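User: Could you take a close look at one helix for me and tell me how it sits among its neighbours? Cut-offs too, please.

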Amino acid sequence: MAQSTFSTHVGMVDILPDEVDKWQKLERIIHEEAKKFNFEEIRTPIMEQTELIARGVGQLTDIVSKEMFAFDRGDDHYVLRPECTAPVARAYVEHHLDQRGGSQNLYYIGPMFRAEKPQKGRQRQFHQFGAEIIGAADPAADVDIIAFMMSIYDRVGISNTTLKLNSVGDPESRKAYTQVLKDHFRPHLSEMSEVSQDRFEKNPLRILDSKEEEDQPFVEDAPVITDFLTDETAEHYSRVKELLTELDIPFEEDPYLVRGLDYYTRTAFELVSPDLGAQDALGGGGRYDLLIEEIGGQPTPAVGFAAGIERLFIACEELDIQLAEEEMLDVYIVTLGDEARKWGINHLPKLREAGLSASMDYIGRSMKSQMKDADRENARHVIIVGSHELEAGKFVLRNMKESEEEAFTFDEILERLTS
Ligand code: HAM
């Protein structure tokens, strides 16, 4: 086989025709669940202003400081979106979506870009589905977002997941907690990883997310944020837990759960799966009551989630879940000779107009190769057309599954296939 001169960039993959069925099936499930939960789709551009992402996601996060695909054109600074919450928030402010009244329940499906080191479950172009409820402060909105996310995994059949839950507080709770956390880590800093030493000054909460072995003893006995929540935030967290329990959505509290994006306040959650290996988060999200104001809008509470599509597919593979049924072609026309080919070309549209999927050979292959092709295409029926059939006005209709065949006029064939 000839060597291809070009290839995709590292961490970016082609989705080939054999895989597309499962993508389409999942997208259908997401659209159907969104309808049930009353979410409307929003599609934002793949590129955003660098400043929006830097301000929205947070200058000190790994995403912004290390993983952006960014470039300039004239005076404009572009970035390939690494996530969709800041873009959706931008669209909400830019188009005054608040004026539509009520909270805005929005969802999206699309590619995101992060220049991370690729590994299983981690790509540089990956796909997310996600949703945001903008304009609702009630804990019921947090729970609705979680329920929407879970409903998609339920539909797909991925059930051995754990929903991890925490409250990352509001600025007031966080200020008190950060102080105590720094006091806890300070005496051990020299024994801790370089990453954590760096985070100590910039964002000490992120130390809790450290995967470095030398940090674990100090993370394990660190104080927990839930002991420092203000009354109002503690009340919000309790209500979220009560509602989840009422709705029979199991969760596990994880007081060390901190997310890799800086906009979160109060509720934070992650859905993890034992079937994913090192990159075990299927999805995650939380409340971000300060983001809209941060990017120039009015103070507006909001909550959302996003989930990785490639990771969902990895879980499906591990659990032997077939998302897509095998696609079948209704009819394949096998033709012998030029006149038969003409007949085929003329009759394909008639089959399609009748609602059937239909195909034929365009490269002049032998009858044997055409039959093989029909098999590869999973054809239910084959119509065989040669000079003899053209003369008789009757064509062989072969049922590929039953291996039975009989000659009919074209009209009879149409009737049989559509009845
Ligand atoms: P996130 O946790 O950064 O959150 O990403 C959500 C999910 O996207 C992850 O749990 C994972 O499944 C998938 N994901 C992230 N990075 C990669 C990657 N490099 N390769 C493959 N999959 C990946 C957010 O993006 C927030 N915007 C979620 C949110 C919405 N919060 C509020 N609203």
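Analyst: Let's take α1, where W23, L26, I29, I30, E33 and A34 are buried (under 20% relative accessible area, with exposed meaning over 50% and partly exposed in between, using a 1.4 Å probe and protein chains only). These residues cover an arc of only 135° around the axis, so they sit on the same side of α1; the arc is taken from the directions running from the helix axis to the C-beta atoms.

Quick housekeeping: this is a predicted model, so local features need pLDDT of at least 70 and side-chain atom pairs count only at pLDDT 80 or more, while totals for chains, interfaces and linings use all residues. Residues are numbered from 1 along each chain as its sequence is written, and side-chain values use heavy atoms, leaving out hydrogens and water.

Back to the helix: α1 spans residues 17–36, 20 residues in all, and reaches 30 Å from its first C-alpha to its last, close to the 28 Å expected at 1.5 Å a residue (that is, 1.5 Å times one less than the number of residues). Helices here are DSSP runs of H or I with at least four residues, strands are E runs of at least two, and both are numbered from the N terminus.

What covers the buried residues of α1? The cover includes strands β5 (104–113) and β6 (125–134), plus helices α5 (139–156) and α11 (309–318), with contact meaning heavy atoms within 4.5 Å. On the face turned away from the buried side, α1 carries the exposed P17, D18, K35 and K36. After α1 comes N38, which has a positive phi, near 65°.
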